[in-house]
Structure formats: structure tokens, C-alpha cells
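Some questions on a two-chain model follow. Have the coordinates open as you read.

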Amino acid sequence: MSQSPIKVWRKQKTDRLLLGKVGEILSWTEINVAPPQYSAKTPYSVVLVELENGEKIYGQLVDFQKVDREIGKKVRTILRRNGDVGPEEVLEYTVKFVPLI
Amino acid sequence: MNSIIGYYSTQFGELWDKSLDDLFLEVASGILEELRIETKQLDAIFVGNMLGGVVERQLLLSAHLSELLDVHIPIYRTEAACASGGMAFHSAHEYLKSNPKKTVLVLGAEKMTDITASEITQALATAASHKEQSVGLTFPGVYALMAQVYLKKYGYSEEHLAAISVKNHAHGILNEKAHFRRLISIDDVLESPYVAYPLKVLDSSPISDGATALILTNDPQMMKNRNIATILASESATDTISIARRRRLDEMESTKVAGSNAFKLAKLRREDIDVMEVHDCFSITEILALEDLGFWKKGHGGAQAKEMATYIESGNNLIVNTSGGLKAAGHPVGSTGIKQIGEVYLQLTQQAKKRQVKNASYGLAHNVGGSGGVAVVSILGV
């Protein structure tokens, strides 16, 4: 099912509030079997992070060494492209994490 | 008292020659014929199904059943992801509590194998929150996040998880309706490919087709000369859809609440339970279930699992997942909750054949929807 551009627009209004934040990995996993939108990207890592303000959010972890992908490691939020879309669909950007070095 | 007077199950597995309607019809006519009950003796039908709208693009299943069974009675459909069956049973029990002298059919059915692995992964992920889905987190992925926290916090390894699957496969070979009937070893589990680290293919319940049915009644006439189990409690509880919004990741609050309410209502102690079917969609889930239901202390589950403490030949007093669990019996999601109750019913009425647990008089079934957003805990007795 294609992604509605309105949904992408609505989500990005709150995504921008999450940029530039620092937090700690509460848990992580590496996904090998994914829905069609992410199938070409497997394996990819997803982390659950507690931000400094106590808010807990999910995101993919990118540009990391395995040693950085552990519970308790610090990460920061960045803006990246999210999954694959069809040629007629809106490209979606989303919040992902990189290690805080 | 509300009682169960019969149970029927189709084969579980990849049933390529059967549609969702075929499964409904097979299981409904199967139980009615076996118990010699006619549709005109039924007052209502409760049906558990999760994915009809997503996989088959078919809703209004009540009208399907009306057509298939030629009935015009009320039909209630429940959707609670993998607890759809448990909620159908729970709803039927609630209905009977307020309606004397009634008899109802409770069905669970799911058709899952008509689409690809990636598509069914997407379909099942609809039971995760929008935020979880939008970062590519799958249903196994959400459980993997919980497993990681559990293993790290209590110092366990993937081997502790693997023992759950080994035990459930050892039970599954005794169940002629099970999807998988073969023994597996710890090494088989550890060498199977990862689905979502640290959970592997053999930590995970399979994608299965299947249907199950129960007849419930509070009409004393209908109970005569039948194998009866009494419903002592069926309690359900809910929790947040996102695991990020929960206080702890190493427990399921919904299971704790439903379990504690069910035990209070049934006026039983944990040690009174002889057999139990718990939700093992992944190996970690069975460990959390035994802890959150109050049978094992929090954090002790990994060690208990490794000792195969609940295996039918362990010599212990509590045997878990004699059906093979979701892991080996298969997990047609809408029918799983009904199968669990059905297995406990077979055990308590001495009809469990090769897997019969001796002198079982109280049993419990525990069904989870999503990552713990819904839990149903039911206790039966004879």
C-alpha cells in the first residue's frame, strides 16, 4: 500500500522537534526479515533510545561500529531517508540515530 | 456455571487447498457433528480472527458465517491480534454470565499462507504501533528488543531461550494436529538464521493456517452425558501499544493483571495448576509469561527454561504447552487462543491421548495480543 503524502507531511511536523537530541540505547535489534518497504535494506539495526528529557523513541541506527551498538551507549538524532518508495511516491525523511562520538 | 462441552481443531499447517471460509466450515461442522448439536440449538457465535481484512481483504466475517452455516443468530467477531481467539472465548464467557440457559459456538480461524513472507511480516506488524512500524521495526523486532533487555539484565544467553523451543517441539510430536512434529536440538535452534537478533527462526512460532472451535454452555440440559470442564475465570487486561511507553521491558503488565485477577476469581493458588498453555509466539515470551503469571520469580525464568522444568517427562507438577505451544503446534493467530483453551480442556477431560498429563484437575490458558497490549488468562477446572 502506498504511503499517503499527507501522512508523511503530518509526521515530519513532529520529527523536526527530535533533531539534534542526545540519548542512551535502552535496547537494540537487527532486523533480517522486513516489510516490503525495508526489504532491500536488510539487515538493518533498530534501537529504542531514552532521550535526555526522558522521552523514549525508536529509530534505525546507522553509520556505526558494532562496539557502539550496545545497551547503554550514547547516540544522537539525525535526519535520513526512510525506506524505499515507488517512483510516483513522496520520498520520506525520518529521524535516525548515529553514535555520539 | 459456564462450561465447555467440546473442542474441535483442524490440522494446523500450510493448508494450500483451504481458504478461510473452508476452515470456518470444516471446524464449525466438525464440532457440531461430533457433539450432535444442531445449529438451531446455538444462541450466538463468537469468532476470533485477526487478518481477514488485511490478507483476504474481507471483513464482515459474521455475514460469511451466516451464509456458510445457514444461521441468522448474532455473530460477534473479536480482533485482538494474536489474542483474537482468547478474546472471543473471554467475550463468550461474559455473554453467558448475563444470559441464562444459552449455548454458544466459539470459533477461531486464520488463513496466513496465501501471501509472501515479507507481506505477512507487514500484515503482522499492524499489531505494532505506528511509530514502531515507521522505523522498520517488525513484530519479531519488538520482541527482540524485550529479549535483549531480559538477557542482559539477568545474565542469560540465547541458549536459555533455545530450550523453550526444544521443549515445545518435544511436546509437538505428541500432537497429531501440530504444524511441526519433529524433535529439534539446542544446536538446531542456535544455528537457525536470525529473524531479529537475538531471535532466530527456531525461536519463532511459524506462519500457519488453521481453525479451532469450542462449544460453551450454561444450560444444564446441554451438559448431560458430556465431557465437561468448568470455566473458573477468564480475565483480560490491556497495556500500551508501544513498548516504549511501558515502565519495564522485561515484563508484561497485561499478563500480570489478567493473571492475578483470574487467580483471585478462581480462588486457586499457583501450585494448584497442573497443566498450562502459555503464549510462546517467541521463546522469550514463554519465559516472561511464566514469570508474570507468578509461577517463577522475575529473572529466574532463563534458568528454569534451560532445565526444561515444564517438560511432560520432567516429573514436575506443572507441565506447559503440551500442544507443542505456538512454536510447534503452529500459530494461526485467530485460532491460537481457542486452541490453548481446547488443549487444557482435552487435558482436564482425559482426552489428550499420548500427551495426557496424569491427574490434571486445574489448567490455565494465557493468550497475548501484539507485544503485550492485550492478555487473556483463563482458568478451567473439573
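UniProt positions are given in the numbering used here, feature names are shortened, and annotations may be inferred rather than shown by experiment. This is a predicted model: local features need pLDDT of at least 70, side-chain atom pairs count only at pLDDT 80 or more, and totals for chains, interfaces and linings use all residues. Residues are numbered from 1 along each chain as its sequence is written, while chains are lettered from A and ligands numbered from 1 in the order in which they are written.

Q: Which residues of chain B does UniProt list for "domain: Thiolase C-terminal"?
A: The entry is unreviewed. The span is 35% helix and 16% strand, with its end C-alpha atoms 22 Å apart. Helices (H or I, at least four residues) and strands (E, at least two) are DSSP runs, numbered from the N terminus. UniProt lists residues 237-381.

Q: How much helix and strand is there over residues 20-76 of chain A?
A: UniProt lists this span, in an unreviewed entry, for "domain: ChsH2 C-terminal OB-fold". Its end C-alpha atoms are 7 Å apart. The chain here is 0% helix and 47% strand.

Q: Is Ser254(B) buried or exposed?
A: Ser254(B) lies in helix H11 (residues 253-266) of chain B. A residue is buried if 20 or more other C-beta atoms, placed from the backbone, lie within 10 Å of its own, exposed if 12 or fewer, and partly exposed in between. Ser254(B) has 26 such atoms within 10 Å, so Ser254(B) is buried.

Q: Which residues are in contact with Ser254(B), leaving aside its neighbours within four places in sequence?
A: Two residues are in contact if their C-beta atoms, placed from the backbone, lie within 7 Å. Gly363(B) is 109 residues away along the chain, and its C-alpha atom is separated from that of Ser254(B) by 19 Å. The contacts are Ala237(B), Thr238(B), Asp239(B), Gly372(B), Gly373(B), Val374(B) and Ala375(B).

Q: Is Val95(A) buried or exposed?
A: Val95(A) sits in strand S5 (residues 93-99) of chain A. Beyond four places in sequence, its contacts include Asp15(A), Gly59(A) and Leu79(A). There are 25 C-beta neighbours inside 10 Å, so Val95(A) counts as buried.

Q: Are H1(B) and H3(B) parallel or oblique to each other?
A: Helix H1 (residues 20-35) of chain B and helix H3 (residues 61-69) of chain B pack with their axes 10 Å apart, at about 55°. Axes are lines fitted to C-alpha atoms, for helices over the stretch in contact, and angles run from 0 to 180 degrees between N-to-C directions. Angles under 35 degrees count as roughly parallel, over 145 as roughly antiparallel, 65 to 115 as roughly perpendicular and the rest as oblique. The two helices are therefore oblique.

Q: At what angle do the axes of H8 and H12 of chain B cross?
A: Helix H8 (residues 158-172) and helix H12 (residues 283-292) have axes that come within 8 Å. Among the residues that meet are Leu161(B) and Ile164(B) in H8(B), and Ile284(B) and Ile287(B) in H12(B). The helices are therefore roughly perpendicular, and the crossing is at roughly 90°.

Q: Which element gives the most to the side of chain B that touches chain A?
A: In all, 26 residues of chain B are in contact with 23 residues of chain A. Elements giving two or more residues to the chain B side are H5 (117-124), H6 (130-134), H7 (139-154) and strand S5 (194-196). With six residues, the top contributor is H7(B).
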